[in-house]
Amino acid sequence: MTKTHYIVTAIDYVNGEPHLGHAMERVEADALARYHRQQGDDVRLQIGTDEHGTKNMQSAEKLGMTPQAYVDMAAQKFEDLARAYNISYDYFIRTTNQQAHWPSVIKLWEQLVANGDLYKDTYEALYCVGCEEFKTDKDLVDGKCPDHNTAPELLSEENYFFNLGKYSDQIIQKIESNEFHIIPESKKNEILNILKGGYDRVSFSRPKEKLSWGVPVPNDPDHVMYVWCDALTNYISGLDYAHD
């Protein structure tokens, strides 16, 4: 009986040069895809690039380029890397692709709105530009981000939030029962600790005045979608989620 396998890698953030770690992940995914093809299975291997966000916008400005020109140049390097290693990918997804990616992202956003899963609220927290994420005091070492050795900025802004708390108990049950099978065990425990620790909402947008490089929020031109609704959707936009 033919089995179906959808194999994806993490999409690479293009604010930096491709390196051996990128190549290793692709080679591992490629080996898995080739193995299942040899078994006669139906296989789809998808790789790609994450191209929105503050860091890419800043890198483009430093080079005197538009953000689109910068990510076009950067994404090509990652695609060239895959070809150099003869990765047998079926599709290369780019999050700036307004035909292949954006319609799925917009559809997902609109479905979340229809389900009552998004709400607008004011948020004040420490934000690390290098990580492009909000930090808590326990994430910092001597008041600085340990990854970038910089002090985060205190931001107070209005965001759209995803109501994670509405689903936390359901997700915890599915993870603990292994219906959502997560390996290694350390990552499974990490996610469970976050969910059980009261982490009940996720920022899904940024004000356009703070971040202009991204997918616009439907019916709200003052906001741009944040990474969790944009970049993560690549795994279903690559399957044409927008058109089922």
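Visitor: What should I know about the model before I start?

Guide: The model is predicted, so local features need pLDDT of at least 70 and side-chain atom pairs count only at pLDDT 80 or more, while totals for chains, interfaces and linings use all residues. Residues are numbered from 1 along each chain as its sequence is written, and side-chain values use heavy atoms, with hydrogens and water left out.

Visitor: In what order do the three strands of the open sheet stand?

Guide: General idea: strands of a sheet pair through backbone hydrogen bonds, either parallel or antiparallel. Strands here are DSSP runs (E, at least two residues; helices are H or I, at least four), numbered from the N terminus, and two strands pair if DSSP finds at least two bridges between them. In this case the order is β9-β11-β10, with antiparallel pairing.

Visitor: Why is one side of β9 and of β10 left without a neighbour in the sheet?

Guide: Because β9 (205-207) and β10 (216-217) stand at the edges, each with a single partner strand. Three bridges link β9 to β11 (residues 220-225), and R206 sits opposite V224 in β11. Helix α4 (residues 102-114) packs on this sheet and touches β9, β10 and β11. Contact means heavy atoms within 4.5 Å. The direction of α4 makes about 110° with that of β11; axes are lines fitted to C-alpha atoms, for helices over the stretch in contact, and angles run from 0 to 180 degrees between N-to-C directions.

Visitor: Where is A100 placed?

Guide: Look in the loop between β4 (91-94) and α4. Leaving aside neighbours within four places in sequence, A100 touches Y91 and S237. A100 and N234 are 134 residues apart in sequence, yet 9.3 Å apart in space, C-alpha to C-alpha.

Visitor: Which strands does β5 pair with?

Guide: Strand β5 (residues 118-128) runs antiparallel to β7 (residues 153-162) over 10 bridges, with L126 opposite L154. Three bridges also join β5 to β6 (residues 133-135), again antiparallel, and Y127 has F134 as its bridge partner. The hairpin of β5 and β6 has four residues between the strands, and E132 takes a positive phi near 55° there.

Visitor: How is V8 placed, and how exposed is V8?

Guide: V8 lies in β1 (residues 4-8). Its relative accessible area is 33%, so V8 counts as partly exposed (buried is under 20%, exposed over 50%, partly exposed in between, with a 1.4 Å probe and protein chains only).
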